[in-house]
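Here are my notes for you on this model. Have the sequence and the 3D view open while you read, and look up each residue as it comes along.

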Amino acid sequence: MFDLRTTLLAAACVLALGACGDKNPPPAEPSTPAPVAEAPMPVTPAAEPVAPAAEMPAEAAPAVVDGKGAAVVSNCATTIVGNDAMQFDVSSITVPASCAKFTINLNHSGKMPAAAMGHNVVISAMSDMQAIASEGIGQGLANNYLKADDARIIAHTKVIGAGESTSVTFDTSKIKGAGPFEFFCSFPGHSAVMKGTISVG
């Protein structure tokens, strides 16, 4: 009888302990903490390296004077342009030494007529240019603002207005002597700014 009660009591204790469970859970395995999302760092573009001042390439000298360059010459001829701003588009003409004759074509790109903003091309020694232009003023548009039979003039075109073209051909031997030589416009007041050098090279 005692053994039966002892056995039942022992069984009840085992069941009770099984129902209650172990009050002390087994130690948890160490776990890796979940990564914490960090706010993205702003990305700053890398600055391009700047060469030291001594290594910076020097700027090339401008190839033009007053915004005008040398005339393009081909087959012993060139074309220059005058406009309503009282300008030629070139400041120098170099005639190839192989050319016995040379032609200058003149185009007027403006909108004003010859009587208001006419242009021509006159070639002379630089030392004669001012006198030729001054003396030509009284000759009028009909005479291209040039004195007739002026021996100082090597060659010249007629005066043209908007949209017109003209040309002159001359012996290059005439600009091989004592120079320097110039081309200019003889319309009153234009020769002060509408001029350039012409030479054989």
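The numbered points below go from the whole chain to the sheet, and then to single residues.

1. First, some ground rules. This is a predicted model, where local features need pLDDT of at least 70, side-chain atom pairs count only at pLDDT 80 or more, and totals for chains, interfaces and linings use all residues. Residues are numbered from 1 along each chain as its sequence is written, and side-chain values use heavy atoms, with hydrogens and water left out.

2. Now the overview. The chain has three helices and 10 strands; these are DSSP runs numbered from the N terminus, with helices being H or I of at least four residues and strands E of at least two. Along the sequence, the pattern reads α-β-β-β-β-β-α-β-α-β-β-β-β. Of the 201 residues in the chain, 30% are buried, where buried means under 20% relative accessible area, exposed means over 50%, and partly exposed is in between (1.4 Å probe, protein chains only). Among contacts with a separation of 6 or more, 68% come from residues 24 or more positions apart; a contact here means heavy atoms within 4.5 Å.

3. Next, find the open sheet. Its six strands come in the order β1-β4-β10-β9-β6-β7, with mixed pairing. Strands β1 (69-70) and β7 (153-156) are at the edges with a single partner strand each, so one side of each has no neighbour in the sheet. Two strands count as paired if DSSP finds at least two bridges between them. As a reminder, strands of a sheet pair through backbone hydrogen bonds, either parallel or antiparallel.

4. How do β1 and β4 run, parallel or antiparallel? They run parallel, and two bridges join β1 to β4 (residues 90-95). To see this for yourself, look for Gly69, which stands opposite Val90 in β4. Then turn to helix α3 (residues 129-136), which packs on the sheet and touches β6 (122-125), β7, β9 (181-184) and β10 (195-200). The direction of α3 makes about 30 degrees with that of β9; axes are lines fitted to C-alpha atoms, for helices over the stretch in contact, and angles run from 0 to 180 degrees between N-to-C directions.

5. With β7, β6 pairs in the antiparallel sense over three bridges, and with β9 it runs antiparallel over four bridges. Ser124 shows both pairings: its bridge partner in β7 is Ile153, while its bridge partner in β9 is Glu182.

6. On to the cysteines. There is one disulfide in the structure, counted as a pair of cysteine sulfur atoms within 2.5 Å. The disulfide joins Cys76 to Cys99, at 2.0 Å from S to S. Cys76 sits in the loop between β2 (73-74) and β3 (77-82) and Cys99 in the loop between β4 and β5 (101-108), so the pair ties together parts 23 residues apart in sequence. The torsion about the S-S bond of Cys76 and Cys99 is about -90 degrees, so the disulfide is left-handed. Cys76 is partly exposed at 26% relative accessible area, but Cys99 is buried at 3%.

7. You'll find Asp150 in the loop between α3 and β7, and at 11% relative accessibility it counts as buried. The side chain of Asp150 makes a polar contact with the side chain of Arg152 at 2.8 Å (a pair of N or O atoms within 3.5 Å; within protein, one must be able to donate a hydrogen and the other to accept it, and residues adjacent in sequence count only if both atoms are side-chain atoms). Leaving aside neighbours within four places in sequence, Asp150 is in contact with Ile132 and Glu135.

8. Last, the rings. A search of the whole structure finds three aromatic pairs: rings of Phe, Tyr and Trp (its six-membered ring) pair if their centres lie within 6.5 Å, and planes under 30 degrees apart count as stacked, over 60 as edge-to-face and the rest as tilted. One of them is Phe102 with Phe170, with ring centres 6.2 Å apart and planes at 65 degrees, so the pair is edge-to-face. Phe102 lies in β5 and Phe170 in β8 (residues 165-171), so the pair ties together parts 68 residues apart in sequence.
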